[in-house]
Amino acid sequence: MGAKVVDGRIISLAVQEEVSLGVSKLVERGLEPHLAVVIAGEDPASHIYVRNKEKACKNCGILSTRIDLPSTSSLKDILATVEKLNSDPKIHGILVQSPAPQGVDERIIASSIDPRKDVDGFHPSNLGRLVQGDSSGLLPCTPSGIIRILRESKVQMRGSRAVVLGRSRIVGMPMALLLAQQGVDSTVTIAHSRTEGLQELCREADILVAAVGVPHVVKSDWVKPGSFVVDVGISRVEGGLAGDVSPKASQVAGWITPVPGGVGPMTIAMLMSNTLRAAQEQ
Ligand code: NAP
């Protein structure tokens, strides 16, 4: 029997509907949630992501403003733009689209955003709250979207063994923290490019989150039968997009998220949710 393919688009529409309701209530009180998206450069994939974010804003009734900067922008230029947005009371959420221009440290940009407007959830104080076991702040969108997928799928998380492949600041690390937090209660192993015995490790996982960026690196014999496999990876390959998980894994897993149409739409939905929350709290 094949895995159940979890449609992230459907869950994301449900999240966006919740957000729309919240937005309407704020608008009735005279407050229009407003997201500013800064994009520096011509990276075609980034432009697609930004357009999708603008579309989602429209869908939820959130105002969006896009600020285009040249690919030659320096850290100083980007920080000056962020500073203006930080001090604009009409802007509730700020996002600087990744990747930043070459040589610009994204961590410095993340730290420059007012934590109350940090809808990506990458500011050290928001990530720090998460480390302290407080998940009530603005959470990174991809990991929080994955938690929502797991909850909606009614998978048993308490007491489960989870393996997160990847230890990045934006996906792997916060994902591991969210899975291990009280109330989710998974026991988590974080793996990376230096981990030995990846196959055996992954085969123990009831929940396997692959956030690596190497097409089809997770083979079907890495997957525990009946487990929940979350494929975060998006790589451009000949003929379209590929996730980190081999398509054959769906013959073994119990649930699997597709690429595209799995985690990606949830990331955008959680961005909308964070923008609403940021507006509510300002
Ligand atoms: P990243 O910063 O490049 O991190 C990749 C992680 O994978 C690193 O920790 C790296 O280990 C590990 N890794 C690399 N090769 C490996 C291997 N062969 N075996 C085990 N681990 C390996 O990437 P990221 O930003 O976390 O993104 C990961 C993927 O998710 C990318 O494809 C990205 O496009 C996608 N993504 C999707 C969404 C979405 O909304 N769907 C959002 C964000 C990212 P080291 O630390 O040892 O180098």
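Arg 161 is partly exposed in this predicted model, with a relative accessible area of 37%. Its salt-bridge partner is Glu 204, with the closest N and O atoms 3.4 Å apart.

The salt-bridge count comes to ten. Glu 106 pairs with Arg 169, the closest N and O atoms being 3.7 Å apart. Glu 106 lies in helix H4 (residues 106-112) and Arg 169 in the loop between S5 and H7, so this pair ties together parts 63 residues apart in sequence. Glu 106 is partly exposed at 26%, and Arg 169 is partly exposed at 26%. Arg 107 and Asp 105 meet in a salt bridge at 3.2 Å, N to O. Here Arg 107 is exposed at 53%, while Asp 105 is partly exposed at 27%. Shared partners join Glu 18, Arg 148 and Glu 152 into one network.

Now turn to helix H7 (residues 172-180). Its buried residues include Pro 174, Met 175, Leu 178 and Leu 179. The buried residues of H7 pack against helices H5 (124-131) and H6 (141-152). They also pack against strands S5 (161-165), S6 (187-191) and S7 (207-210).

What of the cysteines? A search of the whole structure finds zero disulfides. For Cys 60, the nearest cysteine sulfur is that of Cys 57, 7.2 Å away. Cys 60 is buried at 2% relative accessibility. The sulfur of Cys 141 is 11 Å from the closest cysteine sulfur, in Cys 57, so the gap is too far for a bond. Cys 141 is buried as well, at 4%.

How values were computed. Residues are numbered from 1 along each chain as its sequence is written. This is a predicted model: local features need pLDDT of at least 70, side-chain atom pairs count only at pLDDT 80 or more; totals for chains, interfaces and linings use all residues. Side-chain values use heavy atoms; hydrogens and water are left out. Buried means under 20% relative accessible area, exposed over 50%, partly exposed in between (1.4 Å probe, protein chains only). Helices (H or I, at least four residues) and strands (E, at least two) are DSSP runs, numbered from the N terminus. Contact means heavy atoms within 4.5 Å. A disulfide is a pair of cysteine sulfur atoms within 2.5 Å. A salt bridge is a side-chain nitrogen of Lys or Arg within 4 Å of a carboxyl oxygen of Asp or Glu.
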